[in-house]
Amino acid sequence: MFSRLQRFYTSIKVVADMVMLAVAFALAYVTRFSGIVPVTEGIPPWEDSLVSLLMVLVIFPATFKQSRLYATNRSRTNTGEVFEVFKSTITATLILVAATYFARERYSRLTLVIFVVYAFVLVTCSRLAFRYVLSEVRRRGHNLKSILIIGAGELGQRVVETVEGHRELGFRVTGLLTLRPEKVGQYVNGVRVIGHVDDVERVLDAQPVDQVIIALPLQEQAHVKRLMEPLALRTVDVRVVPDLYQYITLYGGLEEFGGLPIIRLQGDPMEGWSQVAKRAFDILFSLLAIVVTAPLMAATALAVRLSSKGPLLYRQERMGMDGRTFHILKFRTMRVDAENTGAMMARKDDPRRTVIGTFLRKYSLDELPQFFNVLTGDMSLVGPRPERPVFIEEFKRQIPRYHLRHKVKAGITGWAQINGLRGQTCIEKRIEYDLYYIENWSLLMDLKILVRTALGGFLSKNAY
């Protein structure tokens, strides 16, 4: 029931957004070519804009999805909603510009600016209206579904918090049943414990209940069979929340395979369209970065060549996604014999560095060739920085959940790096930031990290 309602409301938002985007596109065309703004090169036929409109109707909703604008978020205020729509609109516009450039699709720049303004205003108004209507319907008590939770322990408390945190779906908890008689009459997160689990029939006879959620700990699962006997004789919906959430490490959840329910304790954060979107994002922006930084890379290569003997590029084995190794590319910043005595991490005032190497490392210019690693698919623009296999075995033994950072591709920059965690900083803290990025990933977050990197995130006192 929860998932069906969420999908229903999400579909309404998607359809409303696409309608508003189409209206904004049409209004932008009319505004630009209706005589309000002088036209110097003639009015293009509207048929020529259909491809651009189709790209808009794909890119903008996809970006909104990646920015979690279709996810349920009760804590988000109206102001927060407006701000998120604004950020997502800007992100989608940048992606649209890049896509039209590589697709060689012609469009009026002024029309695009007008469209962005219209799109932001119309989508914002549509969403605020949706939130207002939904809150009014719920406030007046229409179409509410009552829930009885069996289990007043930690798991039951979490269910109460989750239901109360998604009130826009129209559910309300009418009470809890407990296995501990002394808790009867107490309140859990504002909800009263109205009886013992053995009172389930009495409670169902005394008040209307649309759904029963069984939230018992693992050691009390024997009660489920006894509870299902009276519940099976009623039309009430019954759900069971498995007491396994404490074992879920990353992107866990419930899925179905051939009709068989399976609980996923650990999964991949980027699957399906999320993986496609991130790969497309990497290709587009890495190509753009290579074009923009080509003169700088040429100058850096010349400086490396003139400053010391040896190859221009340094290839070093690193570990990336799923534990696969690859050779990362860097401009050489150390002497050719730097590791004759074995692998060693870079350190402050490292005597192995060349004259130009100190400068390159300080400003992260040695990392520029890694855009080619992104193009080949070994790396991503944004992600956890890759480590050398020789050091990873030690880290895995010392740091819990370290291996989870290899669930995604390694990145040129990352959430930890823009927060100053580079070089010989606390590895535990870096893992904490890496896992935060993986758990909260979106294309908008990637873009934010790239912008912060471009605005100085590549500079660090720990870059040596």
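**The whole chain**

Colour by secondary structure: the protein has 14 helices and twelve strands, taken as DSSP runs numbered from the N terminus (helices H or I, at least four residues; strands E, at least two). This is a predicted model, so local features need pLDDT of at least 70 and side-chain atom pairs count only at pLDDT 80 or more, while totals for chains, interfaces and linings use all residues. Residues are numbered from 1 along each chain as its sequence is written, and side-chain values use heavy atoms, with hydrogens and water left out.

Of the 464 residues, 45% are buried (under 20% relative accessible area; exposed is over 50%, partly exposed in between; 1.4 Å probe, protein chains only).

**Annotated segments**

Next, select 12–31, 43–64, 85–104, 110–130 and 283–304, which the unreviewed UniProt entry labels "transmembrane region"; such annotations may be inferred rather than shown by experiment. Residues 12–31 are 100% helix, with end C-alpha atoms 28 Å apart. Residues 110–130 are also 100% helix, and there the ends are 30 Å apart.

**Helix H7**

Now zoom to 222–231. Which residues of H7 are buried? Pick out His223, Val224, Leu227, Pro230 and Leu231. Viewed down the H7 axis, they fall within an arc of 125° and so line one face of the helix (using directions from the axis to the C-beta atoms). Ala222, Lys225 and Glu229 are exposed on the face turned away.

Finally, show the cover over the buried residues of H7: it includes strands E1 (145–150), E5 (211–214) and E6 (237–240), plus helix H6 (200–206), by contact (heavy atoms within 4.5 Å).
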